[in-house]
Amino acid sequence: MKRIAAFEKVSHERFLNDSFDIEPENNLALKAYEDIKMPKRATKGSAGYDFYSPFDFTLKCGETIKIPTGIRCKIEEGWVLKIYPRSGLGFKYRLQLDNTVGIIDSDYYFSDNEGHIMIKVTNDGNGGKELSISAGEAFAQGIFSEYGITYDDEVYEVRNGGFGSTTKK
């Protein structure tokens, strides 16, 4: 097994700023920051690192929420972290990421937003099942993958931002 990354918390200020939509008063966000659980694998054979919600949330069918995880990840060049919903939640509730698969590039760590991993999910079920996640409960998983580039690749641009920043010119 190659060791190619390290999870860290974002700064307290970044987390409070990004939690405003969920907790505008920041009362819960102050406590949530202290209780952030770092992603970890459940078993020795697990490929995925569980991501835990810092807040309680409930989603009715068709509802969406963007979760500020409080986590950033320093990844070696040539690797990417892919974020997926936990498979059990997908089967039971059709929980889906709004961007299908979250892609965390190695240079995202250095972005203005500190590389804060935000996970936007939707309860896409049609069976009327309400999804409730408690603070500290796993709701997504991240898997590291190695990738390659083409022989004629000559990209020299540098990232400076979060979502969609690589397409902004």
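Before going on, the basis. This is a predicted model, in which local features need pLDDT of at least 70 and side-chain atom pairs count only at pLDDT 80 or more, while totals for chains, interfaces and linings use all residues. Residues are numbered from 1 along each chain as its sequence is written, and side-chain values use heavy atoms, with hydrogens and water left out.

Overall dimensions next. Along the principal axes, the C-alpha atoms fill a box of roughly 50 × 35 × 35 Å. Of the 169 residues, 42% are buried, where buried means under 20% relative accessible area, exposed means over 50%, and partly exposed lies in between, with a 1.4 Å probe and protein chains only. Take contact as heavy atoms within 4.5 Å: among contacts between residues at least 6 apart in sequence, 76% join residues at least 24 apart.

Now the secondary structure. The chain has 3 helices and 11 strands; these are DSSP runs numbered from the N terminus, helices being H or I of at least four residues and strands E of at least two. Two strands pair if DSSP finds at least two bridges between them.

4 strands form an open, antiparallel sheet in the order β2-β11-β6-β8. β2 (49-52) and β8 (102-105) stand at the edges with a single partner strand each, so one side of each has no neighbour in the sheet. From one strand to the next, the twist averages 30°, with axes fitted to C-alpha atoms and angles running from 0 to 180 degrees between N-to-C directions. Inside this sheet, β6 (residues 79-85) and β11 (residues 138-146) share 7 antiparallel bridges, and V80 has S145 in β11 as its bridge partner.

Then strand β9, residues 118-123, where 5 of the 6 residues are buried. β9 pairs antiparallel with β4 (residues 64-68) over 5 bridges, and K66 stands opposite K120. With β7 (residues 95-97), β9 makes 3 antiparallel bridges; there, L95 is partnered by N123.

Last, the cysteines. C73 counts as buried because its relative accessibility is 2%, whereas C61, at 31%, counts as partly exposed. Taking a disulfide as a pair of cysteine sulfur atoms within 2.5 Å, the count is 0.
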